[in-house]
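Here is a short report on one protein chain. It starts with a single residue and then widens out.

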Amino acid sequence: MLETNGSLPGEMSKLTELVDHVSMDVKLPEHEAVPNWDDLLDQEIKSIKILIEEGINSYCKVVVQPSTTKEAVATIAARIKDEIPDNRKISLVVQPASPLDVWVGKTHKLLEISEKAGEHLDVLTIPQVHKLLNLR
């Protein structure tokens, strides 16, 4: 099992013989992970293609805040659906950011995000369990 981001598809292709399962983070523009988010998403989609083509059991996950728009997550889901030929083999995990108390009174927003993304891909909504267990 590999948990990684998909920013380096060339490196991802080197790992396909070593792993059976991959959990791949997909960053939202609001995460400000890089100066050019569009380029990052292009690289992440290339990594997803490699994983699917190599038959690696994989899923993508995106961490959302109460401020995240359903359109932002749906845009990512739609791109994956449109650009991955066998998109039935990839799910999107929507992870509410921790601590979970920031979601009090806002769980409807989480459900709206999941539902909108679910128009494009199979979506699961799962909290960041490592944070609940105080693991890094």
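## Glutamine 95

Glutamine 95 is buried, with a relative accessible area of 9%. Buried means under 20% relative accessible area, with a 1.4 Å probe and protein chains only. Glutamine 95 sits in strand β4 (residues 90–96). Strands are DSSP runs of E of at least two residues, and helices are runs of H or I of at least four, numbered from the N terminus.

Beyond neighbours within four places in sequence, glutamine 95 is in contact with Lys61, Val62, Val63, Val64, Ile126, Pro127 and Gln128. Contact means heavy atoms within 4.5 Å.

## Basis of the model

This is a predicted model: local features need pLDDT of at least 70, side-chain atom pairs count only at pLDDT 80 or more, and totals for chains, interfaces and linings use all residues. Residues are numbered from 1 along each chain as its sequence is written, and side-chain values use heavy atoms, with hydrogens and water left out.

## Helix α3

In α3 (residues 70–83), the buried residues are Val73, Ala74, Ile76, Ala77, Ala78 and Ile80. Their cover includes α2 (37–53), β3 (57–64), β4 and α4 (107–117). An α-helix has 3.6 residues a turn, so residues three or four places apart point the same way.

## The whole chain

The chain has 5 helices and 5 strands. From the N terminus on, the order is β-α-β-α-β-α-β-α-β-α.

Buried residues make up 38% of the 136 residues. Among contacts between residues at least 6 apart in sequence, 72% join residues at least 24 apart. The C-alpha atoms fill a box of roughly 45 × 35 × 30 Å, taken along the principal axes.

Definitions and conventions:
Buried < 20%, exposed > 50% of the residue type's maximum accessible area, 1.4 Å probe, protein only. Expected span 1.5 Å × (residues − 1).
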